[in-house]
Amino acid sequence: MATVELRFSALPEHVRTARLVAAAVARRSGVDEAVLDEVRLAVGEACTRAVGLHQSGGITAPVKVSLIEEEKQFSIEVGDEAPRIAPGDRVPGSGDIDMDAEEDEMGLAVISGLVDDVEVTAGEHGGLIRMTWPTTPPATALG
């Protein structure tokens, strides 16, 4: 199992780099070419979401992206350190909670529409989106 890890400052301009690296590693791992656009879009959405959560929460920790090559599958994990709160709770200085929650749900809906196998976990220490795609082994040349 090979893993590539990225950590980047929670700035929108770094999302593009994460998308490009994810697509390159997915291609190398054997993800079908027809699915690579979905990989790029899903990673972009997950990273944009994490950047937004960090910025709105004043979190200076980097966004974490793990690209994991396993037998017959390729996974991408995008982690943030934004604590989640119970519905109805207010966090001082957090602005419009309802608007943030609505944008968050929209981002998750887009990711779910792009990726068949997606897991979202969240808690007081942050969240993680794990997206998984099937891979095909590379064809070996006979000769």
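Let's start with a pair of side chains: Arg-27 and Glu-33 meet in a salt bridge, 2.9 Å from N to O. A salt bridge here is a side-chain nitrogen of Lys or Arg within 4 Å of a carboxyl oxygen of Asp or Glu. Arg-27 itself is partly exposed, with a relative accessible area of 42%. For that scale, buried means under 20% relative accessible area, exposed means over 50%, and partly exposed is in between (1.4 Å probe, protein chains only).

Before going on, a word on what you're looking at. This is a predicted model, where local features need pLDDT of at least 70 and side-chain atom pairs count only at pLDDT 80 or more, while totals for chains, interfaces and linings use all residues. Residues are numbered from 1 along each chain as its sequence is written, and side-chain values use heavy atoms, with hydrogens and water left out.

Now the overall layout. The chain has three helices and five strands, and along the sequence they follow the pattern β-α-α-β-β-α-β-β. Helices (H or I, at least four residues) and strands (E, at least two) are DSSP runs, numbered from the N terminus. Of the chain's 143 residues, 38% count as buried. Take the contacts (heavy atoms within 4.5 Å) between residues at least 6 apart in sequence: 67% of them join residues at least 24 apart.

An α-helix has 3.6 residues a turn, so residues three or four places apart point the same way. In α1, the buried residues are Val-15, Ala-18, Ala-22, Ala-23, Val-25, Ala-26 and Ser-29. What covers them includes β1 (2–8), α2 (36–57), β2 (63–70) and β3 (73–80). After α1 comes Gly-30, with a positive phi near 105 degrees.

How do α1 and α2 sit against each other, in angle and axis distance? They pack at about 145 degrees, with their axes 9 Å apart. Axes are lines fitted to C-alpha atoms, for helices over the stretch in contact, and angles run from 0 to 180 degrees between N-to-C directions. On the α1 side, the residues that meet α2 include Ala-22, Ala-26 and Arg-27, and their partners in α2 include Leu-36, Val-43 and Cys-47.

Back to the salt bridges: the whole structure has six. One of them joins Glu-81 and Lys-64, at 2.9 Å from N to O. Glu-81 lies in the loop between β3 and α3 (97–114) and Lys-64 in strand β2, so this pair ties together parts that are 17 residues apart in sequence. Glu-81 is partly exposed at 32% relative accessibility, and Lys-64 is partly exposed at 29%.

Another bridge links Glu-70 with Arg-130, whose closest N and O atoms are 3.3 Å apart. Glu-70 is in strand β2 and Arg-130 in strand β5 (residues 126–134), so the pair ties together parts that are 60 residues apart in sequence. Glu-70 counts as partly exposed at 26%, whereas Arg-130 counts as buried at 18%. Together with Glu-77, these two residues are linked in a network of salt bridges.

One last stop is Lys-72, in the loop between β2 and β3. Its phi is positive, near 70 degrees, in a residue other than glycine.
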